[in-house]
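Please open the structure in your viewer and keep the selection tool at hand. We will go from stop to stop.

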Amino acid sequence: MEKFILMLDQHSQDELAPAIDLLKRRSDETVEYISCDGFILGAVKTHRGSLKTVESESHIIVIVGDLKSPHEDKDILATFS
Amino acid sequence: MILKKFIGDAVIIVFNKSTGTTQIIVEPWFRRLVYYTVGIEKNIIGSEMKAIIALDRSINQSLDMEAIYSYIGFNAVYGYRTLFENIHLLESGSVNEFRDQSWRKIGRYNFPKNYNYQLDTKKHAVRLAELFRNKADELASEGYTGVFLSGGLDSRLILASYDKKYRPKMVTVHMGNHSNTDSKYAELSAKVAGVEFYLHEANSKDIIERAENQAWITEGSLFLGTSILEAALLKYKDHSFVDGNPGDLSLGGTWANKLSRHNVSEKNKYYSQGLKLGEPIGRDSLDVKMIYRLFGEERGEQVLVTLFQIIQDDISIFDFTENRALAIEYYAMHNRVRRAIAHMAWEHTGFVRPFMDDEISKECFRVPIEVRTNRYYQLSVIKLLDEDLAELPSTSMAYVEKTTSRKTQITSTLKNIGKRIPGVRSVGRRILNRKLAHKKRDTYIQINTWFREDEEFRQYIINHLEGFKSRGIIKEGIIDILIEEHMGRQFNHMKVFVKLVNLELVLKQFHDKFSK
C-alpha cells in the first residue's frame, strides 16, 4: 500500500521528513514529493503500490492506490453527477 | 454530489490551483483509512496516525475516552473516531472539501438503497458466477495467485472463481492446527482444486514476537491473532494475495448477523418497528455484564449509553437507504473491513478484496440479505464455478447441519424454556460458564489453552494486563479478580484479556512512546 502524508498551507519538504521516516519501513520503498503553493504531499511507494499525478492549468490530481499495470485504464474510474 | 462509480482501491486528492481549495475522495469500503487533524498552523492528512503524530507531538496527549470505551466494548475503535481526540477519519465513500478550516462532506458514493425482492435469484447466481470468474481472470493476469483459505464457503468461492488453468501456479495459505476441522476442510479444498497448500501451525511464539509490531503497523485496527497471520504471510511474500474478507457473497450480511447475533432482515422487529438501532444492536453485540464489571454499576451505565450512541451514529450515516436491514449491513461491513487484515498484508505483499469492487458489490447488494446469507445459495454459485469444490464438506455447512438437526432443535427449545425459569437459568449459566472455562480446543488460535499451559505466554498477557491496570481506566482491582476467576476455571475471560492487551499495546506505542 502507498503511504502518504499531506500538509495544507505553506510548509516545506523538510517539515514532512519526520513523518516520512515513520512511514518508510523498508529499503525497497521509495519516497516522492509533490508540492504546490497551498500544499505539500509526501508519499512512500511500495513495490505494488502506485502514485499517479495528473496536472492541468487549473488542477493537480493525485491518486494514491493500487493501480495494476495491465488494466490501468480501468483501475480508477470515478464518475459524478 | 453523488459519486456514481468508484472502480479501484484508492484515495483521490484534487487541488484547485485557482481557488486554492482541496478535495479528497475516499474509496467506498473502508479499505483505505484517511486520517486528518485540523489546527491553526497545521492541517494534516495522512494514511497513518503515526505520521500525523510525528508532525504534531501535542496530538497524542488527549485520548478520546469514547474511543477507549469502544475498544473495550468491541475490540476496535468504531466509526470515524480514533484513540486521539484531535485525529479523525474521513468517511469511506465520501467526497470532502476543506473550507473555513474544516473538512466538509459534499458528496457520497452511490451505495444501493434497497434490495431487489423481485429478482430471479437463480438467474442472478449465473450473473454473479460470471462476474467472479472474469475478476479472477483479471487478477490472475496481474499476478494475484495467493488465496487465504479457511474451511468455509467464502474463501472457497474465491478459489473456485479461478479457472483450473491458473491453479498449478497458485498457493493457498491457512492458519490453524492439524486437529482442527476447519484446517482439514481447507486442506481438502486445496487438494481437490489442485493448488499448493500451506498450513501455518498457529502458535503462541508468533504472538509474543510479533504483537507489538502488529500494533504499530495496524495502529490498533487488528487483534493479537493477526500476528500469526504475518508469520504465515512471510513464507509466500512473493505472491500477491486475494482475500474474501468480509463474507464475500454475503458481503455485509454475515457480519451484520454476527454482530447482532440474530438474522438481520426487514422482518426483524428491531428494523420493522422503526426503533432506534444503537441500543438493541449494542445489547446483542456487547458483553453488557462485563462492561458493568469493568467500570462499576454507575460508570458502566454511562459507558453503555456512549457505546449505544456510537452504533446509532455509525448506522445513521446510511439513513439514505430505504431498507434498515441494508443500513445495518453497510454499518457491519464497514466496521469489519476497517478491522480486516489488509493493513498487515500490505506491509509485505500485494493484497486485494475483489468482491468489494464497484460492479460486483452492487450486483451482490441487489440480492436480498436473506438469500445472500443462505449457505445453500452460496453453494449454488460455487457449483456454477467448480462442481467438485461445491461437493466438499465445509465448516459453514457443518454449522448449518448442526443447527438445523432435530437434536439441536429439541435442546434449543428446552434451553429456551429453562431460561424463563429463574432457578434453572442461574444453574444453567453456571454450568455453561464452567464448560466454557474448561474448553480446551477453543478455536484454531488456542489462546485460552496457551494462557493456561504456556508459562511464557501467560506471563506476556499478565504483564500487559498489569500495564493496562496502572492506567486507571477501569475499576481498581477488577483485573486481579478476573484473572483469579479465569485460573480457577469459574469463567473463561480470555476475550476481555485479549481486548485489554490489544489496547495496552496500542497505547504503549502511540501514547507513551511519543510522549517520551
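**Before you start.** This is a predicted model: local features need pLDDT of at least 70, side-chain atom pairs count only at pLDDT 80 or more, and totals for chains, interfaces and linings use all residues. Residues are numbered from 1 along each chain as its sequence is written, while chains are lettered from A and ligands numbered from 1 in the order in which they are written.

**Stop 1: the contact of A and B.** Select both chains. Chain A brings 36 residues to the contact and chain B brings 40 residues. Residues are in contact here if their C-beta atoms, placed from the backbone, lie within 7 Å. On the chain A side, β1 (3-8), α1 (13-23), β5 (59-65), α2 (72-75) and β6 (77-80) each supply at least two residues. Such helices (H or I, at least four residues) and strands (E, at least two) are DSSP runs, numbered from the N terminus. β5(A) gives the most, with 7 residues. The chain A side divides into 22 nonpolar, 7 polar and 7 charged residues. Nonpolar means Ala, Val, Leu, Ile, Met, Phe, Trp, Tyr, Cys and Pro; charged means Asp, Glu, Lys and Arg; the others, Gly among them, are polar.

Stop 2: Strands pair if DSSP finds at least two bridges between them. Pick I63(A); its bridge partner is I12(B).

Stop 3: Now show the open sheet of 6 strands, in the order β2(A)-β3(A)-β1(A)-β5(B)-β4(B)-β6(B), with antiparallel pairing. Which strands stand at the edges? They are β2 (30-36) of chain A and β6 (88-89) of chain B; each has a single partner strand, so one side of each is left without a neighbour in the sheet. β4(B), residues 35-37, pairs with β6(B) over 2 bridges. Click Y35(B) to find its partner, L89(B).

**Stop 4: two helices in chain B.** Select α11(B) (288-295) and α12(B) (297-316). Their axes are 7 Å apart, at an angle of about 130 degrees. Axes are lines fitted to C-alpha atoms, for helices over the stretch in contact, and angles run from 0 to 180 degrees between N-to-C directions. The two helices are therefore oblique to each other; angles under 35 degrees count as roughly parallel, over 145 as roughly antiparallel, 65 to 115 as roughly perpendicular and the rest as oblique. Show the side chains: V288(B), I291(B), Y292(B) and F295(B) in α11(B) meet E297(B), R299(B), G300(B), V303(B) and L304(B) in α12(B).

Methods
Two residues are in contact if their C-beta atoms, placed from the backbone, lie within 7 Å.
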